[in-house]
Amino acid sequence: MTATALTPPIRRLLGFAWCQTRACAFAGALLAGLAVSKLLPALPVARYDVLFCYGVLLTLTFWLRGWESGRDVAVIAGCHVIGLAFEIVKVSLGSWSYPEPAVLKFAGVPLYGGFLYAAVGSYVCRAWRLLDLELVRYRPRAMAVTAALIYANFFSHHWLPDARWVLAGLLLVVNAGTWVRFTVQGVRRRMPLALSFALIGFFLWVAENAATYVGAWRYPYQLHGWQPVGPDKFGAWSLLISVTFVLAATGRTRTPRQPARGGDHEPAAAVDH
């Protein structure tokens, strides 16, 4: 079947999927590197250390090729740092582990672990550009406070009552009436921002299953053989993506369209208060 034989909705759906695939370029390359590293013969350098160098090389390549702007790299670096802090606390509490040895490892967490969160930041930044995202009735201050509370709850629930359901409700309230507009094949569409968080959370949960399968990290129940990651992590990612989104949205204003280096176009983005 040729492209012209497809109905317009199908063509737009495929176009949307293609944009999403391009937006996932960094994450896809990182996951591919994880899979390949699992198949490599024994090396004189620890696999985690090789993956850290690979992550740095990926970041530089995307920046120098113009696939990520300087601002995007700053967001990605912020996600890396926040992610490492998250990992250090969670690993210390036994939520999961990185069982392989490494030189570039701090408090049981290899430095490459931050790239797993950097990949999410890269996805959000690239999707913003490729789909020409625009936020309508976005509440930046309320979102920032809510995201901070969500992030803190992932730590505090080890000692205090888990408030994730309350925070999920708060996230819905804060984003009530907030829409994200995007363009697919020249047609302007819109979606509730809260729904986009849920969809991203679902695909991050799928990616987490793939990542743990190739040994990115291990949950306690996976130490003696891989098992699927429970669906509760779908909800966790749907909440945690708000932190990345706040970082990516900060300071974005509508600017003239300018072609970026390397072929990606830098479409306008807007935040309506």
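**Exercise 1. Decide whether Trp63 is buried, partly exposed or exposed, and describe the surface patch that holds Trp63.**

Step 1. Trp63 has a relative accessible area of 37%, and buried means under 20%, exposed over 50% and partly exposed in between, with a 1.4 Å probe and protein chains only, so Trp63 counts as partly exposed. The model is predicted, so local features need pLDDT of at least 70 and side-chain atom pairs pLDDT 80 or more, while totals for chains, interfaces and linings use all residues. Residues are numbered from 1 along each chain as its sequence is written, and side-chain values use heavy atoms, without hydrogens and water.

Step 2. Trp63 belongs to helix H3, residues 47-64 (helices are DSSP runs of H or I with at least four residues, strands are E runs of at least two, and both are numbered from the N terminus).

Step 3. Together with Val56, Leu60 and Leu64, Trp63 forms a nonpolar surface patch with about 360 Å² of accessible area. Patches take residues with over 30% relative accessible area and no salt bridge, and nonpolar side chains (Val, Leu, Ile, Met, Phe, Trp, Tyr) are joined within 5 Å, like charges within 9 Å. A salt bridge is a side-chain nitrogen of Lys or Arg within 4 Å of a carboxyl oxygen of Asp or Glu, and the areas come from the Shrake-Rupley method with a 1.4 Å probe, with only the protein chains shown as cover for residues.

**Exercise 2. Describe the largest pocket by its volume and its lining.**

Step 1. On a 1 Å grid over the protein atoms alone, a pocket is an open set of points with protein on both sides within 12 Å along at least five of seven lines, whereas in a cavity a 1.4 Å probe fits but cannot get out; lining residues have an atom within 4 Å of a point.

Step 2. The volume of the largest pocket is about 1,200 Å³, and among its 49 lining residues, Val120, Ile200, Phe203, Leu204 and Ala207 lie nearest the centre.

Step 3. Helix H8 contributes the most to this lining, nine residues, and the lining as a whole consists of 37 nonpolar, six polar and six charged residues.

**Exercise 3. Find the largest cavity and say which helix gives the most to its lining.**

Step 1. The count is one cavity of 30 Å³ or more, and the largest cavity has a volume of about 120 Å³.

Step 2. Its lining has 13 residues, with Ile82, Tyr117, Leu240, Val243 and Thr244 nearest the centre.

Step 3. H9 gives the most, six residues, and the lining divides into eleven nonpolar, two polar and no charged residues.

Notes. Grid points are joined across faces, edges and corners, and a volume is the space filled by probe spheres set on the points. Ala, Val, Leu, Ile, Met, Phe, Trp, Tyr, Cys and Pro count as nonpolar, Asp, Glu, Lys and Arg as charged, and the others, Gly among them, as polar.
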